[in-house]
Amino acid sequence: MECGKMVCVRSSYTVVPSEPTPTGIFPLSLCDQIKLSSHGPVLLVHKPNFTSTSSHSDSSPIHVLRTSLGRALVHYYPLSARLCWIHGGRWQLHCFAQGALLLEATCEANLDDLRDFAPTEIVEQLMPKIDYNRPIQDIPLLAVQLTRFSCGGLTLGVALCRAVNDGSAVSGFLNSWAKLARGGKLDLGETPFLDRTLLDSWRLKTEPRFVHTEFHPAPIWTGRLADTKYEAKAAIFKLNKVQVQKLKSKAREFGTSQRPYTSFEVITGHLWRCVSRARYVGNGDQPTRLSTLVNCRNRLNPPLRNDYFGNATFPTVSPTCSFDDLIYKPLTYAVRNVKEAVEKMNDEYIRSALDYIASQKDLDLVRNTFHAGTVSPEGEFKGNPNLFVVGWFNFPFYGTDFGWGKPFHMGPGQLNSDGKAFLMNDRNSDGFVLAICLQSSHLDALKNLFYQDIEEQFVPSSKL
């Protein structure tokens with residue numbers, strides 16, 4: 001039994017496919033190859049006193065999860081595999097039904113004690129702990145933790161390796177698993193499409209047609225640092241549709257666009273602007289850029305199937321600008337830069353990105369450049385002028401019913417990287433939820449700026 005401050009892991013299981021599955025060594029796509037081997041954390045929260053929607057109502061939740069996960073892994077057998085290194089910082093998938101990790105835990109707190117479920121230290125204990133000191137071939141690609149609360153509520157923390165699936169693939173897997181948990185069967189159209197060769201380069205040894213700045217080093221911090229101790233914290237911000245409409249109206253005040261700005265573009269532009277102000281220490285010429293991921297399933301020609309199981313989200317970045325550009329120019333400027341980063345992701349650009357990835361001798365360098373950290377090896381905060389926003393829009397996480405009802409909260413179960421944010425639909429699709437991690441002092445400043453700048457257009461009369 002392993003106990004944290006409030007959570008105790010009571011049991012651990014290795015779950016393998018319930019039927020024979022294909023075995024062997026399988027390649028990963030070029031899009032998979034640029035992702036990290038760490039796990040993306042998804043937390044689903046279920047209120048107490050739920051009404052069972054499962055045909056196995058007499059079974060305990062952990063029994064339902066164990067048996068249904070075995071059935072799900074028959075269809076999603078790559079999640080039962082392991083990564084293995086090969087040449088050039090690349091990976092292969094060794095599929096021999098090694099299995100997924102399933103944990104059962106208890107928590108002495110009530111769900112209400114966790115308030116908005118911001119990914120704090122306590123919430124992180126609801127996620128399965130992955131030991132990255134182990135050899136990569138020993139680390140499960142899928143780890144799940146069911147945590148039962150004293151109030152009767154429960155949470156499901158799902159950690160999926162980023163190198164084998166993106167948000168769209170994760171949501172498809174969870175909904176398929178949930179259907180099996182309720183006693184259902186997967187129809188032909190609900191099974192995953194597993195051919196990853198569709199995202200390999202079509203023109204091997206051909207030079208990319210574009211300059212791929214998304215793989216170039218991000219701007220570094222050039223200003224003074226008030227504190228070099230790394231104290232990053234996470235917080236949740238909520239936006240209703242009225243507030244988002246105000247942002248769209250402000251973005252239209254100083255410029256036009258061939259198409260209306262999306263909610264993602266205006267919220268992200270507003271956030272980028274506010275974070276730059278929160279970090280501002282008189283360094284108006286500080287370079288900064290915005291990074292995000294774009295789901296390219298429908299941007300390719302021909303498009304990928306929606307049930308494609310793997311990574312089809314590509315990184316993209318805005319033009320580099322300065323703090324002064326963002327702070328003293330209208331909101332339109334920031335939003336237009338976000339829009340430019342998203343819109344350039346068409347079929348030609350994506351194919352060129354695949355050619356670029358294929359041409360790299362060491363993909364470890366590519367990963368480390370895009371995901372460069374903000375903390376030195378000695379643990380000191382180096383400063384960070386940039387922002388990385390991940391959009392979890394229109395994924396059916398809130399429809400995930402394992403037999404104890406749909407979740408009343410969904411979000412990242414862990415967020416401890418300065419300058420990273422997740423933007424999601426809320427439970428009723430009436431607004432949006434933003435989870436962000438920043439250095440503590442910057443987060444305090446952001447809390448004062450974020451809503452103020454929605455209600456009042458910030459037009460400074462002099463330099464800060």
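How many nonpolar, polar and charged residues does the lining of the largest cavity have, by class? It has three nonpolar, no polar and two charged residues. This is a predicted model, so local features need pLDDT of at least 70 and side-chain atom pairs count only at pLDDT 80 or more, while totals for chains, interfaces and linings use all residues. Residues are numbered from 1 along each chain as its sequence is written, and side-chain values use heavy atoms, with hydrogens and water left out.

**Cavity and pocket**

- The count comes to one cavity of 30 Å³ or more. On a 1 Å grid over the protein atoms alone, a cavity is a set of points where a 1.4 Å probe fits but cannot get out.
- The largest cavity has a volume of about 30 Å³. Volume here is the space filled by probe spheres set on the points, with grid points joined across faces, edges and corners.
- Lys248, Arg252, Pro260, Tyr261 and Val266 line the largest cavity. Lining residues have an atom within 4 Å of a point.
- The second largest pocket holds about 300 Å³ of space. A pocket is an open set with protein on both sides within 12 Å along at least five of seven lines.
- Its lining has 17 residues, and Lys238, Tyr398, Phe408, His409 and Val433 are the closest to the pocket centre.
- β10, β16 (409-412), β17 (420-425) and β18 each give two or more residues to this lining. The largest share, three residues, comes from β10. Strands are DSSP runs (E, at least two residues) and helices are runs of H or I (at least four), numbered from the N terminus.
- By class, the lining of the second largest pocket divides into nine nonpolar, three polar and five charged residues. Ala, Val, Leu, Ile, Met, Phe, Trp, Tyr, Cys and Pro count as nonpolar, Asp, Glu, Lys and Arg as charged, and the others, Gly among them, as polar.

**Nonpolar cores**

- The largest nonpolar core has 61 residues. Such a core is a set of buried Ala, Val, Leu, Ile, Met, Phe, Trp, Tyr and Cys residues joined through side-chain atoms within 4.5 Å.
- Helix α4 (residues 167-181) gives the largest share of this core, eight residues.
- Leu79, Leu83, Leu142, Phe173, Leu174, Trp177 and Phe402 have the most contacts inside the core.
- Beyond its neighbours within four places in sequence, Leu142 is in contact (heavy atoms within 4.5 Å) with residues including Leu69, Ala100, Val158 and Phe173.
- Another core, of 38 residues, lies apart from the largest one; Ala235, Leu290, Val335 and Val338 are among its members.

**Helix α11**

- Ser440, His442, Leu443, Leu446 and Leu449 are the buried residues of α11 (residues 440-449). Buried means under 20% relative accessible area, exposed over 50%, partly exposed in between (1.4 Å probe, protein chains only).
- Their cover includes β10 (232-240), α6 (263-279), β18 (431-439) and α12 (452-455).

**Salt bridges**

- The count comes to 17 salt bridges. Each has a side-chain nitrogen of Lys or Arg within 4 Å of a carboxyl oxygen of Asp or Glu.
- Arg196 pairs with Asp32, with the closest N and O atoms 2.8 Å apart. Arg196 lies in the loop between α4 and β10 and Asp32 in helix α1 (residues 30-33), so the pair ties together parts 164 residues apart in sequence. Both Arg196 and Asp32 are buried.
- Lys179 and Asp187 form a salt bridge (3.8 Å, N to O). Asp187 is partly exposed, at 47% relative accessible area.
- Lys229 and Glu231 form a salt bridge (3.4 Å, N to O). Lys229 is exposed at 51%, and Glu231 is partly exposed at 35%.
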